[in-house]
Amino acid sequence: MGETSALAFTHTDAPFSTNTGLQDRGELEAFLDGVLNTQLVGNHIPGATVAVVKDGRLLFSKGYGYADIKHDKRVDAATSLFPVASVSKLFTWTAVMQLMEQHKLDLHTDVNRYLKTFHIPATYPQPITLESLLTHTAGFEDREDGWMISTPQQVQPLGTWLANHIPARVRPPGKLASYSNYGAALAGYIVEQVSGIPFDQYIETNLYQPLSMRHSTFRQPVPAQLQADLTQGYAYIDGWYRSRPPKYFQAAPAVSMYTTATDIANFMIAQLQNGRFGDQRILQDATARDMQEQHFTSDSRIPGLAYGFAVQRINGQRLLQHGGDIPSFHSSLNLLPERNVGVFVSYNSDAGSAARTSLLQAFMNHYFPVPRAPTPSPLPGFAERAGKESGIYWSLRRPYTTYEKILILLEPGITVNVINAGYGHLLINSGGGNILNVVEVAPGVYRQMGEQQQVVFQQRQDGTVMFVGNSLQSYGKMAWYDSRSFQVPLILACLLIFLSALLLWPVRLLRALRFKRSEELIKKNTVSRTAYWLAGIVCALNVIVPIYLVWTITSHKNLAAVLPVILMLGIISAILTGIVILFTAQVWRNRFWHWPQRIHYVLVGLAALAFVWELAYWNLLG
């Protein structure tokens, strides 16, 4: 949930235009009608809502398609409630800035100062601060276990849930940006602790009311008076739009806000006017400017992070952005402070993830066009640099220490393949046909062909890091043993050896019993008999564990619920593997069986040992 972890490929077929006015509402409507209606039909998206603000007013808002297909209900920009997922965080961050300007919070002090019921472990000498949370540089690993639930009755008190789900700190604060839902939820809890009132009530009083946002809420479930306006989420499967039930979230400040396009337009207006909305203020001028200033970047050659906003450059324009993603809903809020323009869009289908990026680029091409840059000639030393830059990368936003690490093998976009295409070009492939063709424009700096998106490679002490677009889209180069190309064949090879033992050994035993061959009759020797049986049990366990795991994941069962069984089987397998290795020495010392059988037994022992390493690598051992 939240910002997608997959590569944010920017692509559109919309032509560049010379229309830079953005004054004529009719022309804007015609342009957006053309883009949105084409997207809805071409990508099987039931509905969308959009709002554009400029110079302190709502310039345009409109709903497209269906909010509820079954009840023939159309999207209305003023009343249709969309869950905006991580766009919610902008309200959490704004609340933090409000309390900061009231001198109730210090952005540069240890967050543990504000936590009354639990503390964040001091893994590193440097403490996590609110500024760390605001810029996603706290150094938390990414975890999603238990965030999304099916009923509001399952929602735990915010402080209780946060205390029981503290993610590991995997790097010192301020080193790299890595998007963190936990960090945003923690900031919301601090707002609750310092203000003395529940988080959702704080937002209603201090943001919704002064901004006249009457159709917005963080509450779970949505209040009764707003229930009739909820937009249904859909998945397009086998030619049908299939509705999905609403989801609820344990950490509301990070993700649980519902709103309308016209409501969130008021928030955009206030941000663009440095905290002012009509005769109301949500932030003082200096505080708002501070919130929108870039405070961190992983590399000076790419945009970084403001307080809560991701900074981006498209067509030479500076944007402040935040996206939001949950199943079936994808949103994007974009501000152009220097142009006093804001654009918000939300879709109610999975295809909305790519559609929102395409819409924004089309908007920028239409109203803020730039000529297409010519393709540069290859730079000296490209081949050497490309050799260091090519390889398999994985997102720095991932699980490191928990069982969720195994999902890296299955989730697209977590890993990407960077390929040297020659003549100054790299191909960045994240799977599913998503290939980014970039050309080197400066040493280690690449630009997407035909577009404005930039990719930067940084050689760090701990390896090569790739940034796509901005500091949040960060990928670290994998070691050879981390990649799927090593992990998957190793696991399959182990499984084949285990299956060969499970199939061949019973057959061999039956033949020995049938023909009374004393040299093959295992039961005559206690050691050899025990060696066979223990290795057989290990093989059976090591076949059961991955099958059970894959079945759980592919059938969308709760992986956390079956985790105790998997961990228990893994521990048993590891203990028995140690004994099997000891028996291997006995088998060769005492010359049990014929030499092909002994070699096979050794292979089983080595495969079992490799499988124990795999269990430990994927955090499935103990």
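Modeller: On a 1 Å grid over the protein atoms alone, a cavity is a set of points where a 1.4 Å probe fits but cannot get out, and a pocket is an open set with protein on both sides within 12 Å along at least five of seven lines; lining residues have an atom within 4 Å of a point. Grid points are joined across faces, edges and corners, and a volume is the space filled by probe spheres set on the points. By this rule there are two cavities of 30 Å³ or more. Before we go on: this is a predicted model, where local features need pLDDT of at least 70 and side-chain atom pairs count only at pLDDT 80 or more, while totals for chains, interfaces and linings use all residues. Residues are numbered from 1 along each chain as its sequence is written, and side-chain values use heavy atoms, with hydrogens and water left out.

Biologist: How much space lies in the largest cavity, and which residues line it?

Modeller: About 90 Å³. Its lining includes Glu141, Asp142, Arg143, Trp147, Trp161 and His165.

Biologist: And what lines the second largest pocket?

Modeller: That pocket holds about 410 Å³ of space. It has 18 lining residues, and Ile406, Leu409, Ile491, Pro546 and Val550 lie nearest its centre. Helices (H or I, at least four residues) and strands (E, at least two) are DSSP runs, numbered from the N terminus. H13 (484-515), H14 (526-554) and H16 (595-617) each supply at least two lining residues, and H14 gives the most, with six.

Biologist: Now sheets. How do strands of a sheet pair?

Modeller: Through backbone hydrogen bonds, either parallel or antiparallel. Two strands count as paired if DSSP finds at least two bridges between them. Here, seven strands make an open antiparallel sheet in the order E3-E2-E1-E15-E14-E13-E12. E3 (73-74) and E12 (310-314) are at the edges with a single partner strand each, so one side of each is left without a neighbour in the sheet. E2 (residues 57-68) pairs with E3 over two bridges, and Asp68 stands opposite Lys73 in E3.

Biologist: Which strands close into a barrel?

Modeller: Eight of them, antiparallel, in the order E16-E17-E18-E19-E20-E21-E22-E23. Neighbouring strands there are turned by 30° against each other on average, direction ignored. For such angles, axes are lines fitted to C-alpha atoms, for helices over the stretch in contact, and angles run from 0 to 180 degrees between N-to-C directions. Zooming in, five bridges join E17 (residues 415-422) to E18 (residues 425-429), and Val418 has Ile428 as its bridge partner in E18. Tyr423, in the hairpin of these strands, takes a positive phi near 55°. Ile428 in turn has Leu436 as its bridge partner in E19.

Biologist: Last one: which residues of H10 are buried?

Modeller: Buried means under 20% relative accessible area, with exposed over 50% and partly exposed in between (1.4 Å probe, protein chains only). In H10 (residues 285-292) the buried ones are Thr287, Ala288, Met291 and Gln292. Down the axis of H10 they fall within an arc of 130°, so they line one face of the helix; the arc is that of the directions from the helix axis to the C-beta atoms. They pack against H2 (89-101), H9 and E13 (317-326), with contact meaning heavy atoms within 4.5 Å.
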